[in-house]
Amino acid sequence: MADVRTETMTVNMGPQHPSTHGVLRLVLELDGETVVSVSPTIGFLHTGIEKTCEQKKWQQVIPLVERMDYLAPQSNSLAFCLSVEKILGLEMPERVQALRVLIAELQRLSSHLVWFGTHAMEIGAITGMLYAFREREILLNLFELLGGFRFFPSYIRVGGLREDIPRGFKEAVKEFLDRLPGKLDEYETLITQNPIWLDRTRGVGVISYADCCKWGLYGPIARAAGGDFDVRRAFPYTGYDTYEFDVIGASNGDVYDRYLVRMAEMRESVKICNQALDRIAPVGAWACDDKRIVPPPKDQVYTEMEALIQHFLIYSQGFTVPAGDAYVPVEGPRGEHGCYVVSDGTNRPWRVHMRSPGLMACQALHKFIVGGMIADVIAVIGSLDVVMGGVDR
Amino acid sequence: MTAADIIAALAPAVPGAAYEPLASADSDVTPVILVPAEHLIATCQALQGPGLEYVAFSDVTAVDFHPARDPRFDVVYHLVSPHRRARVRLKVRVNADVEVPSLTPVFPGAGWPEREVYDLFGIVFDGHQDLRRLMMPDDWEGHPLRKDYPVQLRKDAQTYMPLQVTEEEFRANVERDRHVRTTPKP
């Protein structure tokens, strides 16, 4: 066998590959079908959002940060608003907190449904994609009800929400929440015990919990590897400490366990949504009562001089935020989202930085795939659930 | 655990380091400590010790305070203790001519965030194995998140084909098109 060629081959995967979830480029070095090394290249979707944020007023930043991680836009805006409200020292009324919890969990469901659909499709179960996108369509319609926008509603604002929930919203959400568990059963019937799925995912892309800590991986990836760290439990925000839910864990840290964790998380999200729905009174506050931040109601604007002036000031100059910095983490669908916000005391942010869980996952990609087969690369990328908009920002 | 408690716990492990607790809006959850650059690595190692257990890496970023402050940069580190459910924020104040020790020997996950900070702020990390630009193209000039970097800098795109028409031809095309569009149909 001395004359068999043993040199490795370099293969370029992406940035236009359909399984790289956007524009992730991987330079793979292969020995036969075994991956010897991988060098990920990112930045194709870098649009300088953090620089743009510094030119905008505080409230104008929200549509920008929503476009970072475009599968979980309202996790981004929630992280940003919580940080700014921390500097402002604002406390939200209970109804606003419950609505935010509801929106955050619906957003997690929406993101996990896309993850499930694309992950299943990439491994060969195209039906999964069609089914999951059917349910996600309902969620997008719900978001459209809220903000008039399907993807980026900009509904969560600094100081509360944009406006009250529309008539019929609670009923529509309830209908969806009643429908989803049965549909999740349907997905699981298709996939969870499917022998092809088990062969493709079990023991593939294994990572240990200690490595997760060192590489900055949180969320479903770390919990599938035996961790129990969930920001909603460890550092509760918007009243998550008052909700009953389980932090889902698994122990093997492979692609299959990450699948199981995310599927179970969706059921937990449904539980949280139902609890939040029960707390949302039909009428009540949809923003805090801080006159500096929240525009006065329209009937006052039309009848009172002070309200008109305040309305004009908020919409022309914006509000100022005291000098300081804050970082409030939230549990996004992909792990710890968080926005590090620095204010210099003016009406524009001095610095906005979003911690991206996807960036960490891309960075640690070699921990998952080196030594595995090239076909497993697809399964691993799908199970990490990277969103390049959030990675590149 | 407040910043003062953490500093007291760190003091025996890192002799000679002059820490300073800093105020911040979220210091109830995340105590903030100013760390001298030369003691950063030892501090992060000591923070993993018993009683502190900040074993999980969260983030590295930077803030530019130009021109109001000298040294102009804050390099900001977030560490987490999943076990104790605690966080800490470390800040290192430097100028662009000072190299910050890279955190990669302690937390390999700091590699890409440090590359991002190098790319967008121009802060060099000493001991980083692969300090290249991360977001911007390799041939980019300047560091966009610096405050003295102009926002609307016009720069010829180098990655794409040049325009096939001159400016005069382009304007003539627009004018001709406008004529067609504004001429009423007979």
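Helices here are DSSP runs of H or I with at least four residues, and strands are runs of E with at least two, both numbered from the N terminus. This is a predicted model. With that settled, I'll start with chain B.

Counted that way, chain B contains four helices and seven strands. Going along the sequence, their order is α-β-β-α-β-β-β-β-α-β-α. The chain has 186 residues, and 38% of them count as buried. As for the contacts in chain B with a separation of 6 or more, 53% are between residues 24 or more positions apart.

Next, the interface. On the chain B side, 28 residues are in contact with 33 residues of chain A. Which elements of chain B give two or more residues to that side? They are strand 3 (56-64), strand 4 (73-81) and helix 3 (111-121). Strand 3 of chain B supplies the largest share, six residues. Sorted by class, the side of chain B that touches chain A has 17 nonpolar residues, seven polar and four charged.

Last, one residue in chain A. A:Lys291 sits in the loop between helix 11 (255-279) and helix 12 (298-303) of that chain. Why is A:Lys291 classed as partly exposed? Because 13 other C-beta atoms lie within 10 Å of A:Lys291, and a residue is exposed at 12 or fewer and buried at 20 or more. In sequence, A:Lys291 is 132 residues from A:Gly159, while in space the two are 9.8 Å apart, C-alpha to C-alpha.

Technical notes. Residues are numbered from 1 along each chain as its sequence is written. Chains are lettered from A and ligands numbered from 1 in the order in which they are written. This is a predicted model: local features need pLDDT of at least 70, side-chain atom pairs count only at pLDDT 80 or more; totals for chains, interfaces and linings use all residues. Two residues are in contact if their C-beta atoms, placed from the backbone, lie within 7 Å. Ala, Val, Leu, Ile, Met, Phe, Trp, Tyr, Cys and Pro count as nonpolar, Asp, Glu, Lys and Arg as charged, and the others, Gly among them, as polar.
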